[in-house]
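Walk through this model with the sequence beside you.

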Amino acid sequence: MNHSISLTVNGARRDVVLDDPRVTLLDLLRERLHLTGTKKGCDRGQCGACTILVDGKRINSCLALAISHDGADILTIEGLARGDQLHPVQAAFIAHDGFQCGFCTPGQIMSAVGMMREAQAGNDPERIRECMSGNLCRCGAYAGIVGAVLDAQGQMDESNQRRSA
Ligand code: FES
Ligand code: FES
């Protein structure tokens, strides 16, 4: 039996017919919507490569059934930049060498953006490590990743302060 769902993906409405209710959000994004920036690592919730934001919260999309998220607002790595202008976390990953092979990077970046929105870690490197611990990096780029998150967090704090001044 087919199931129709409607999602907002990176600001655009996407109507999809699922022929299998077991399709995950990850497979829907990659295989049906051709948004391959979100990576499939373990496919069992252990590596964080598939992290996206759903209704503003970070989740492992390999563990999420698409059918359970009818009507959801989804942000993937493809929706983060504004035209040519990178999101501060993306720019900071480049500036701090936050990646080597890059396979974990979309998930790391989405997780960092989600963490900042949750206002969980502030500027404490230990808390950032803890809050990002669901995102594994086989290349071991953790030092650059934490540096990038700290830098982006600082920049975003500053711009929020300027806006409210
Ligand atoms: S692919 Fe989803 S957590 Fe590893
Ligand atoms: S940069 Fe290669 S897995 Fe993280």
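Asp19 sits in the loop between β2 and α1. The model is predicted: local features need pLDDT of at least 70, side-chain atom pairs count only at pLDDT 80 or more, totals for chains, interfaces and linings use all residues, and side-chain values use heavy atoms, with hydrogens and water left out. Residues are numbered from 1 along each chain as its sequence is written, while chains are lettered from A and ligands numbered from 1 in the order in which they are written. Helices (H or I, at least four residues) and strands (E, at least two) are DSSP runs, numbered from the N terminus.

Is Asp19 buried or exposed? Asp19 counts as exposed, because its relative accessibility is 58%. The cut-offs for relative accessible area are under 20% for buried and over 50% for exposed, with partly exposed in between (1.4 Å probe, protein chains only). Leaving aside neighbours within four places in sequence, Asp19 is in contact with Met1 and Asn2. Contact means heavy atoms within 4.5 Å. His3 is 16 residues from Asp19 in sequence, yet their C-alpha atoms are 6.5 Å apart.

Now the sheet. Five strands make up an open sheet with mixed pairing, in the order β2-β1-β5-β3-β4. Two strands pair if DSSP finds at least two bridges between them. β2 (12–18) and β4 (57–60) are the edge strands, and each pairs on one side only. From one strand to the next, the twist averages 40°.

Follow β1 through its partners. With β2, β1 pairs in the antiparallel sense over seven bridges. Ile5 stands opposite Val16 in β2. The two strands form a hairpin with two residues between them. In that turn, Asn10 has a positive phi of about 50°. With β5 (residues 73–75), β1 (residues 3–9) runs parallel, and two bridges join them. Thr8 stands opposite Asp73 in β5. Val9 has Ile74 as its bridge partner.

Next, the helices on the sheet. Helix α1 (residues 25–32) lies across β1, β2, β3 (51–54), β4 and β5. Its direction is at about 105° to β2. Helix α3 lies across β3, β4 and β5, at about 35° to β3. Axes are lines fitted to C-alpha atoms, for helices over the stretch in contact, and angles run from 0 to 180 degrees between N-to-C directions.

Ile109 is buried, with a relative accessible area of 5%. Asp15 is 94 residues from Ile109 along the chain, and 27 Å separates their C-alpha atoms.

Finally, look at how α3 meets α5. The axes of α3 (residues 105–117) and α5 (residues 142–164) come within 11 Å and cross at roughly 40°. Therefore α3 is oblique to α5. Angles under 35 degrees count as roughly parallel, over 145 as roughly antiparallel, 65 to 115 as roughly perpendicular, and the rest as oblique. On the α3 side, Gln108, Ala112, Met115 and Met116 meet Ile145, Val149, Ala152, Gln153 and Met156 in α5. The residues of this contact divide into seven nonpolar, two polar and no charged. Here Ala, Val, Leu, Ile, Met, Phe, Trp, Tyr, Cys and Pro count as nonpolar, Asp, Glu, Lys and Arg as charged, and the others, Gly among them, as polar.
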